[in-house]
Amino acid sequence: MAVISFHPPFLGVRLMRSRHVMVAATLLLSAACMNDSSPTRPQPTQAAVDSVTTAPCEFRAVKGEPPSWARTGFTPGVEMHYASSSRGDMLAILFGYPLYSPPLPGRGNKILWRSRAPLIPSEPLRIEARLNGVGAPTRITVEGGPGPSAVDLPSPGCWRLDLAWSSHTDSIDLEFVSR
């Protein structure tokens, strides 16, 4: 018994043609991927690398009534400058706004720290400040924990302050301007 298969003549030509197209496309694509004469990516400049590795200043001073959890002791409706930490657990009420480096004579950089997180009595607020978020820290300790303080930093610019208090941590960016 003979098996007869029938393929229309045009189907064989189409299959052969599509195989050739596929093989040609694959070869062209492979050659394009391995071509050494493709344009090279420009290498970043040192300034571009520095701008990526240096954290941008995220300082945002708000003028208004602080959040309800930070208003204790203030007259309702009183507006003041303040900044919130990145997690929102600490508020810096800026009585000396703007902050100056070096500080103005007779007027310090007065900051009242208010914590939303529970406090452990007598534990200090420890601050490690870094200009633009990098480099060696300037260390400040606020005895007794979050409360009134004077924060004087050695040069103007944006300072990232890493905060640690009562087993909590957070960070805040503060801008110090030159006088």
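Trainee: What share of the 179 residues in the chain is buried, and what does "buried" stand for?

Mentor: Buried means under 20% relative accessible area, exposed means over 50%, and partly exposed is in between, with a 1.4 Å probe and protein chains only. Here, buried residues make up 28% of the 179 residues. Keep in mind that this is a predicted model, where local features need pLDDT of at least 70, side-chain atom pairs count only at pLDDT 80 or more, and totals for chains, interfaces and linings use all residues. Residues are numbered from 1 along each chain as its sequence is written, and side-chain values use heavy atoms, with hydrogens and water left out.

Trainee: How many helices and strands does the chain have, and in what order do the elements run?

Mentor: Helices (H or I, at least four residues) and strands (E, at least two) are DSSP runs, numbered from the N terminus. This chain has two helices and 10 strands. From the N terminus on, the order is α-α-β-β-β-β-β-β-β-β-β-β.

Trainee: And what percentage of the contacts in the chain between residues at least 6 apart join residues at least 24 apart?

Mentor: A contact means heavy atoms within 4.5 Å. Of the contacts between residues at least 6 apart in sequence, 51% join residues at least 24 apart.

Trainee: Which backbone atom does the side chain of arginine 130 reach?

Mentor: For polar contacts, look for a pair of N or O atoms within 3.5 Å; within protein, one must be able to donate a hydrogen and the other to accept it, and residues adjacent in sequence count only if both atoms are side-chain atoms. The side chain of arginine 130 reaches the backbone oxygen of glycine 135 at 3.0 Å.

Trainee: What does the side chain of aspartate 173 make a polar contact with?

Mentor: The partner is the side chain of arginine 160, at 2.6 Å. The aspartate 173 side chain also reaches the backbone nitrogen of glutamate 58 at 3.1 Å. Aspartate 173 lies in strand 10 and is buried, with a relative accessible area of 9%. Leaving aside neighbours within four places in sequence, its contacts include Pro56, Cys57, Phe59 and Trp159.

Trainee: Which residues line the largest pocket?

Mentor: On a 1 Å grid over the protein atoms alone, a pocket is an open set of points where a 1.4 Å probe fits, with protein on both sides within 12 Å along at least five of seven lines; lining residues have an atom within 4 Å of a point. Among the residues lining the largest pocket are Glu58, Arg160 and Asp173. Strand 10 (168-177) and strand 2 (80-84) each supply at least two lining residues, and strand 10 gives the most, with three.

Trainee: What about phi at serine 122 and serine 166?

Mentor: Serine 122 has a positive phi of about 75° although it is not a glycine, and serine 166 has a positive phi of about 40°. Serine 122 is in the loop between strand 5 and strand 6, and it counts as exposed because its relative accessibility is 61%. Serine 166 lies in the loop between strand 9 (157-165) and strand 10, and it counts as buried because its relative accessibility is 2%.
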